[in-house]
Amino acid sequence: MKKLIKAIGRFMRRPVAVVGAGGFALVGIVVGVVGYVGFHSVLEMTMTEEFCVSCHTMSDNAYEEYKTSIHYKNPAGVRATCTDCHVPKAGWPMYKAKVLAVNDLWAEIRGTINTPEKYEQERLRLAKRVWAHMEDNNSLECRSCHSYEAMDFEHQRPEASKMMKDASAKGETCIDCHKGIAHKLPDMASGYKALLANLVAEAPSNNKADTLYAISTTPLWPEKPADASARGAGNILPLTKVEVVSRSGDFIEVRIDGWMQEGMERVLVKEMGRRLFMATVTPAMAKQAEILETKTDEDTGLVWKDGAITVWTKASSFTSDRPGLMNYGADLYSASCGSCHSAHAPDHFLANQWMGVIKDMKGYTTLDKEQVRYLQNYLQLHAKDMPKES
């Protein structure tokens, strides 16, 4: 026993001298191989569908939806498992995905989505996170099975063939159009409705500045009304910028600068020749407008008046939180137009072109009249021919 203890002591102090350089290297290789094989055996075990749905959070929620999708059962008999869609096949992207999966374990421990009610409440947030990831990596997981180069466009349905050819030519990625493939689409409206509710709730604390923006369509009056139920002399439209002149109780007197086409002075637009509506007024109110300059549009020959109107309106309909308004517009656009197909960037069209696009497409959405008006103004504000406002 003493000899054994001494031998171990010598090895611990000078392992190379005892075993020899070659032997020590061999031991290192064996340990390395065993460790590598063991690590990848564990890794492969975590890449199975059985492992993914071993926790009830997944088995009771996401898995049940997946089983009703074409990726689970289809005429070709080809199945895409959880990891096929959510984990890259190899290399650093795969290891990164596995490291980030620790978040899933923590969420399981905390019970973040362990009931159908909690899962539904978090569905939109989780879906947006996955969509953003797939946009960033060009739908890497999808492309492990699908690619434009391997598609036979002539054997696709005519409408699908046209869309896929266009997507291929533009270099669009799979998730731009194919949301809700393996899981139900979230309630897209819940996101932008929450943003709007927050803007309205915070308006009282955010409408003290001199420069404000309209949250929604709101009536205007030539004089301060006795109350908000009084009949107005027109409307201020969403996202319109105003300068506060004075305040009185729940009302503010504001100045709106814009352009009026000769013969159509009842409509105030943001830029000459670009029909981004800021306010509509009665003929009597139009006559009160201050005209600063008159110009003729060289492209159309139309005469435009650069002017301003000063009116009274409700303070509660305005905020200084322009970034919040833009976030609401972006979410409204993404949810309404980006869930079925790739949505064009707002600066893809001219301001007047957006009017036609919205008119043609609004019937395919569930947006009400006010939401359509907001969406149109948001897109026109960001059109390619509109000056950028910081």
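**Entry 1. Ground rules**

I count residues from 1 along each chain as its sequence is written, and side-chain values use heavy atoms, with hydrogens and water left out. Because the model is predicted, local features need pLDDT of at least 70 and side-chain atom pairs count only at pLDDT 80 or more, while totals for chains, interfaces and linings use all residues.

**Entry 2. The cores**

I looked up the nonpolar cores, meaning sets of buried Ala, Val, Leu, Ile, Met, Phe, Trp, Tyr and Cys residues joined through side-chain atoms within 4.5 Å. For burial I use relative accessible area: under 20% is buried, over 50% exposed, and in between partly exposed (1.4 Å probe, protein chains only).

The largest core has 34 residues. Y192, L239, L325, L332, Y333, L375 and L379 have the most contacts inside it. At least two residues of this core come from each of α9 (116-136), α11 (188-206), α13 (322-337), α14 (351-361) and α15 (369-381). Helices here are DSSP runs of H or I with at least four residues, strands are runs of E with at least two, and both are numbered from the N terminus. Helix α13 gives the largest share, seven residues. Another core, of 22 residues, lies apart from this one and includes L220, A233, L268 and V281.

I then took Y192 and listed its contacts (heavy atoms within 4.5 Å). Leaving aside neighbours within four places in sequence, Y192 touches Y328, D331, L332, A335, S336, L367 and Q371.

As background, nonpolar side chains in soluble globular proteins tend to be buried together.

**Entry 3. α13 against α15**

How do α13 and α15 pack? Their angle is about 110 degrees and their axes are 9 Å apart. I take axes as lines fitted to C-alpha atoms, for helices over the stretch in contact, with angles from 0 to 180 degrees between N-to-C directions. Under 35 degrees counts as roughly parallel, over 145 as roughly antiparallel, 65 to 115 as roughly perpendicular, and the rest as oblique. The two helices are therefore roughly perpendicular.

From α13, the residues L325, M326, Y328, G329, A330, L332, Y333 and C337 meet Q371, Y374, L375, Y378, L379 and L381 of α15. This contact divides into 12 nonpolar, two polar and no charged residues. The classes are Ala, Val, Leu, Ile, Met, Phe, Trp, Tyr, Cys and Pro as nonpolar, Asp, Glu, Lys and Arg as charged, and the others, Gly among them, as polar.

**Entry 4. α7 against α8**

I repeated the look-up for α7 (residues 91-100) and α8 (residues 102-110), which pack at about 15 degrees with axes 4 Å apart. That makes α7 roughly parallel to α8. K98, V99 and L100 of α7 meet V102, N103 and D104 of α8. I get three nonpolar, one polar and two charged residues in this contact.

K98 of α7 also contacts L43, T46, M47 and V87, once neighbours within four places are left aside.

**Entry 5. Ring pairs**

I found eight aromatic pairs in the structure. Rings of Phe, Tyr and Trp (its six-membered ring) pair if their centres lie within 6.5 Å; planes under 30 degrees apart are stacked, over 60 edge-to-face, and the rest tilted.

Y66 is buried at 5% relative accessible area, and Y72 is buried at 18%. Ring pairs also join Y63, Y66 and Y72 into a cluster.

Y333 and W354 are edge-to-face too, at 6.0 Å centre to centre and 85 degrees between planes. This pair links α13 to α14 across 21 residues of chain. Y333 is buried at 8% and W354 at 1%.

**Entry 6. Single residues**

Is N138 buried or partly exposed? At 36% relative accessibility, N138 is partly exposed. Its phi is positive, about 55 degrees, although N138 is not a glycine. S139 also has a positive phi, near 50 degrees, but counts as buried at 0%. S139 sits in the loop between α9 and α10.

E271 belongs to strand β6 (residues 264-271) and is partly exposed at 22%. Its C-alpha lies 8.9 Å from that of P387, 116 residues away along the chain. Beyond its neighbours within four places, E271 contacts W259, M386 and P387.
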